[in-house]
Amino acid sequence: ASAPVASGSISDSVLAALTGLGWSEKVAAEALDETILAVSEADAASVPTLLRLTLAQLAPAQQGGLAR
């Protein structure tokens, strides 16, 4: 069984947003790949939803990070 895959433009948009927020491209791409494998096809087809879910995936790695 193949996992749902976000279209290139959607994943590219999410990756650009994550790198714009300060994550390295490598870390952001790994988290994005993990998120795409874990979510429904509908969630993977929505930039805002996929971004939110990927940020949630990255959040534990940022504990003790910058205070804003």
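**Exercise 1. The setting of Ala38**

Task: Classify Ala38 as buried or exposed in this predicted model, and state which helix holds the residue.

Solution. 
Step 1. The relative accessibility of Ala38 is 64%.
Step 2. A residue is called exposed when this value is over 50%.
Step 3. Ala38 therefore counts as exposed.
Step 4. The residue belongs to helix H2.
Step 5. Between the C-alpha atoms of Ala38 and Leu53 there are 9.7 Å in space, while the two residues are 15 residues apart in sequence.

**Exercise 2. The overall fold**

Task: Determine how many helices and strands the protein has, and what pattern they follow along the sequence.

Solution. 
Step 1. The secondary structure consists of 4 helices and 0 strands.
Step 2. Taken in sequence order, these elements give the pattern α-α-α-α.
Step 3. The protein has 68 residues, of which 28% are buried.
Step 4. Consider the contacts between residues at least 6 apart in sequence: 58% of them join residues at least 24 apart.

**Exercise 3. Helix H1 against helix H2**

Task: Describe how H1 and H2 are oriented to each other, and which residues form their contact.

Solution. 
Step 1. H1 covers residues 8–20 and H2 covers residues 25–38; their axes lie 9 Å apart, at an angle of about 135°.
Step 2. An angle over 145 degrees would count as roughly antiparallel, and one of 65 to 115 degrees as roughly perpendicular.
Step 3. The crossing of H1 past H2 is right-handed.
Step 4. On the side of H1, the contact involves Ser11, Val14, Leu15, Leu18 and Thr19; on the side of H2, it involves Glu25, Ala28, Ala29, Leu32 and Ile36.
Step 5. Sorted by class, this contact of H1 with H2 contains 7 nonpolar, 2 polar and 1 charged residues.

**Exercise 4. Helix H4 and its buried residues**

Task: Compare the span of H4 with the expected one, and state which of its residues are buried.

Solution. 
Step 1. H4 runs over residues 47–58 and has 12 residues.
Step 2. From the first C-alpha to the last, H4 reaches 16 Å, which is close to the 16 Å expected at 1.5 Å a residue.
Step 3. Thr49, Leu50, Leu51, Thr54 and Leu58 are the buried residues of this helix.
Step 4. In an α-helix there are 3.6 residues a turn, so residues three or four places apart point the same way.
Step 5. The partners of the buried residues of H4 are H1, H2 and helix H3 (41–44).

**Exercise 5. Helix H1 against helix H4**

Task: Characterise the packing of H1 on H4, and explain why Val47 counts as partly exposed.

Solution. 
Step 1. The two axes cross at roughly 45° and come within 10 Å.
Step 2. H1 and H4 are therefore oblique to each other.
Step 3. H1 passes H4 in a crossing that is right-handed.
Step 4. H1 contributes Ile10, Ser13, Val14, Ala17 and Leu18 to the contact, whereas H4 contributes Val47, Leu50, Leu51, Thr54, Leu55 and Leu58.
Step 5. By class, the contact of H1 with H4 holds 9 nonpolar and 2 polar residues, with no charged residues.
Step 6. Val47 is a residue of H4. Because its relative accessibility is 29%, Val47 counts as partly exposed.
Step 7. Leaving aside residues up to four places away in sequence, Val47 touches Ile10, Ser13 and Val14.
Step 8. The C-alpha atoms of Val47 and Ser9 are separated by 9.2 Å, although the residues are 38 residues apart along the chain.

**Exercise 6. Helix H2 against helix H4**

Task: Work out how H2 lies relative to H4, and what classes of residue make up their contact.

Solution. 
Step 1. The axes of H2 and H4 are 9 Å apart, and the helices pack at an angle of about 115°.
Step 2. H2 is therefore roughly perpendicular to H4.
Step 3. H2 passes H4 in a right-handed crossing.
Step 4. From H2, the residues Val27, Ala31, Leu32, Glu34, Thr35 and Ile36 meet Leu50, Leu53, Thr54, Gln57 and Leu58 from H4.
Step 5. The contact of H2 with H4 comprises 7 nonpolar, 3 polar and 1 charged residues.

Methods
Residues are numbered from 1 along each chain as its sequence is written. This is a predicted model: local features need pLDDT of at least 70, side-chain atom pairs count only at pLDDT 80 or more; totals for chains, interfaces and linings use all residues. Side-chain values use heavy atoms; hydrogens and water are left out. Axes are lines fitted to C-alpha atoms, for helices over the stretch in contact, and angles run from 0 to 180 degrees between N-to-C directions. Helices (H or I, at least four residues) and strands (E, at least two) are DSSP runs, numbered from the N terminus. A crossing is left-handed if the near helix is turned anticlockwise from the far one by less than a right angle, and right-handed if clockwise. Contact means heavy atoms within 4.5 Å. Ala, Val, Leu, Ile, Met, Phe, Trp, Tyr, Cys and Pro count as nonpolar, Asp, Glu, Lys and Arg as charged, and the others, Gly among them, as polar. The expected span of a helix is 1.5 Å times one less than its number of residues. Buried means under 20% relative accessible area, exposed over 50%, partly exposed in between (1.4 Å probe, protein chains only). Angles under 35 degrees count as roughly parallel, over 145 as roughly antiparallel, 65 to 115 as roughly perpendicular and the rest as oblique.
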